[in-house]
Amino acid sequence: MALDKEIWRNDAYEVLASIADRDFLREVWSGKTRYISTPTEIYNEVFSDAFLGEYARPELDLDEAQKAAGKAFIDSMEHFDSIGGPELPWQEVIDHPGWVKVREAAARFLALLRPAT
């Protein structure tokens, strides 16, 4: 199955921006907005909905720096998952050192994906 480059990028922008924004996550994880989410739902968005783990696919035409940032982001999510992170209560996830690394990796990947203005 080929991925559409523009759809993938748009999904990536949205998901990565959400993950990188601590205040946004606090709002949606705490149920203070119409949009409700959980740490586990973030994993579903990354791996099942937006296919961010497919960053190295040739049709996406990412450069080496973007691929390296994608790998660092996916690695940080997999590491956090391996220590049980997304299953923890959101109050523990939000400032967990492992999740801070996920947020930082998401911000780096997002910055490299966005076109220069």
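**A friendly note on the helix packing**

1. P97 counts as exposed because its relative accessibility is 58%. The C-alpha atoms of P97 and Y43 are separated by 17 Å, and these residues are 54 apart along the chain.

2. A word on what you are looking at: this is a predicted model, in which local features need pLDDT of at least 70 and side-chain atom pairs count only at pLDDT 80 or more, while totals for chains, interfaces and linings use all residues. Residues are numbered from 1 along each chain as its sequence is written, and side-chain values use heavy atoms, with hydrogens and water left out. Helices (H or I, at least four residues) and strands (E, at least two) are DSSP runs, numbered from the N terminus.

3. Now for the whole of α6, residues 97-113. Its 17 residues reach 24 Å from the first C-alpha to the last, close to the 24 Å expected at 1.5 Å a residue; the expected span is 1.5 Å times one less than the number of residues. The buried residues of α6 are G98, W99, V102, R103, A105, A106, F109, L110 and L113. They sit on the same side of α6 because they cover an arc of only 165° around the axis (the arc is that of the directions from the helix axis to the C-beta atoms). Their cover includes α1 (5-20), α2 (22-30), α3 (39-49), α4 (64-82) and α5 (90-93).

4. In α3, the buried residues are P39, I42, Y43, E45 and V46. Viewed down the axis of α3, they fall within an arc of 160°, so they line one face of the helix. Their packing partners are α1, α2, α4, α5 and α6, where contact means heavy atoms within 4.5 Å.

5. How does α3 meet α1? The axes of α1 and α3 come within 11 Å and cross at roughly 160°, which makes α1 roughly antiparallel to α3. Axes are lines fitted to C-alpha atoms, for helices over the stretch in contact, with angles from 0 to 180 degrees between N-to-C directions. Angles under 35 degrees count as roughly parallel, over 145 as roughly antiparallel, 65 to 115 as roughly perpendicular and the rest as oblique. D11, V15 and I19 of α1 meet I42, E45, V46 and D49 of α3.

6. The axes of α3 and α4 come within 12 Å and cross at roughly 140°, so α3 and α4 are oblique to each other. I42, Y43, V46 and F47 of α3 make the contact with F73, I74, M77, E78, F80 and D81 of α4.

7. α2 has L25, V28 and W29 buried. Their arc of only 95° around the axis puts them on the same side of α2. They pack against α1, α3, α5 and α6.

8. Two backbone angles deserve a look, because most residues other than glycine have a negative phi. F51, in the loop between α3 and α4, has a positive phi near 55°; at 31% relative accessibility, F51 counts as partly exposed. D61 is found in the loop between α3 and α4 and has a positive phi of about 55° although it is not a glycine. With a relative accessible area of 53%, D61 is exposed.

Conventions:
Buried < 20%, exposed > 50% of the residue type's maximum accessible area, 1.4 Å probe, protein only.
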